[in-house]
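Please open the structure in a viewer and keep the selection panel at hand. The stops below are meant to be followed in order.

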Amino acid sequence: MMFQQIVDVQREIYLAFAGHIKEFAAGGGWASFLAFLPMGVVFGAVHAMTPGHSKSVLATYLAGSSMKAHRALLVSLALSFTHVTTAVLIALLALPLVSHSFVDAGSSPILEVVSRGLLGIIGLWMLVSALFRHDHLHAEGEGLLVGIAAGLVPCPLTLFVMTFAMIHQAIVTGLLFAITMMMGVALTLSVVAILAVLFRERISHLMRTRPLLLASVSRTTGGIAGAVLVGVAAVEISNWIATA
């Protein structure tokens, strides 16, 4: 029921966006479009609640890391920026990379495989660290790399928005709406990041009186997170090879 409501909200905002683009292209001016533009934040936030957008990857990595909230937010922002920007760049420069089949509309299989491959490498590093090192501190660069790698899978709705704007020769309006969508996506993914960190810190707080157990659980959590990332990468790449 909630999922259908999310879909309905997205549809209403997209139809309104399409109407404003057509009006702008017909010489309607900026005033009406700029007044509607903040709805892009709602559009992006609601869209990011639907399946996908690497929310599970983000939560899994942060639950297995030692990052504080402010650094976790940087990871979520890197993911959001890359997720939307990749879609914009594909729409502007590399539309042939996008699948045009009905089932996979808006997807980019090549970038999805690259994304999952990079995440698999990071997951393998986390798994090896958990098995053979007593204290694996997650560097800030590692977290940003996770965000960028996960975000390489382009946002399909941003692709639709940009393509629609380009068809009506209103690229600037499409770019502006994509920026506001990015803010909305970042808002939702930031909430996911904070919840993952709070969950991990709550568990750590409960175990703080048992430092050896806490260290063991921390390594185990990191190992599980790494194994999950490796597993996701293996499945995605295997599926791609099977259908190639």
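Predicted model: local features only at pLDDT ≥ 70, side-chain atom pairs only at ≥ 80, totals over all residues.

Residues are numbered from 1 along each chain as its sequence is written, and side-chain values use heavy atoms, with hydrogens and water left out.

**Interior**

Select Phe17, Phe43, Leu58, Leu62 and Phe177 to begin. These are the residues with the most contacts inside the largest nonpolar core, which has 43 residues. A nonpolar core here is a set of buried Ala, Val, Leu, Ile, Met, Phe, Trp, Tyr and Cys residues joined through side-chain atoms within 4.5 Å; buried means under 20% relative accessible area, exposed over 50%, and partly exposed in between (1.4 Å probe, protein chains only). The largest share of this core, 10 residues, is supplied by α9. Helices are DSSP runs (H or I, at least four residues), as are strands (E, at least two), numbered from the N terminus.

Next, centre on Phe43. Leaving aside residues up to four places away in sequence, Phe43 touches Gln10, Ile13, Tyr14, Leu157, Val161, Phe177 and Met181, where a contact means heavy atoms within 4.5 Å.

**Annotated spans**

Select residues 71-93 and then 144-168, which are among the spans that an unreviewed UniProt entry labels "transmembrane region". UniProt positions follow the numbering used here, feature names are shortened, and annotations may be inferred rather than shown by experiment. Residues 71-93 are 100% helix and 0% strand, with end C-alpha atoms 32 Å apart. Residues 144-168 are 80% helix and 0% strand, and their end C-alpha atoms lie 36 Å apart.

**Charged pairs**

How many salt bridges are there? The count comes to three, a salt bridge being a side-chain nitrogen of Lys or Arg within 4 Å of a carboxyl oxygen of Asp or Glu.

Select Arg11 and Asp8, whose closest N and O atoms are 2.9 Å apart in a salt bridge. The two residues are three apart in helix α1, so about one helical turn separates them.

Then select Lys68 and Glu201, a salt bridge with closest N and O atoms 4.0 Å apart. Lys68 lies in the loop between α4 and α5 and Glu201 in helix α9, so this pair ties together parts 133 residues apart in sequence. Arg200 is buried at 11% relative accessibility, whereas Glu201 is partly exposed at 28%. Shared partners join Lys68, Arg200 and Glu201 into one salt-bridge network.
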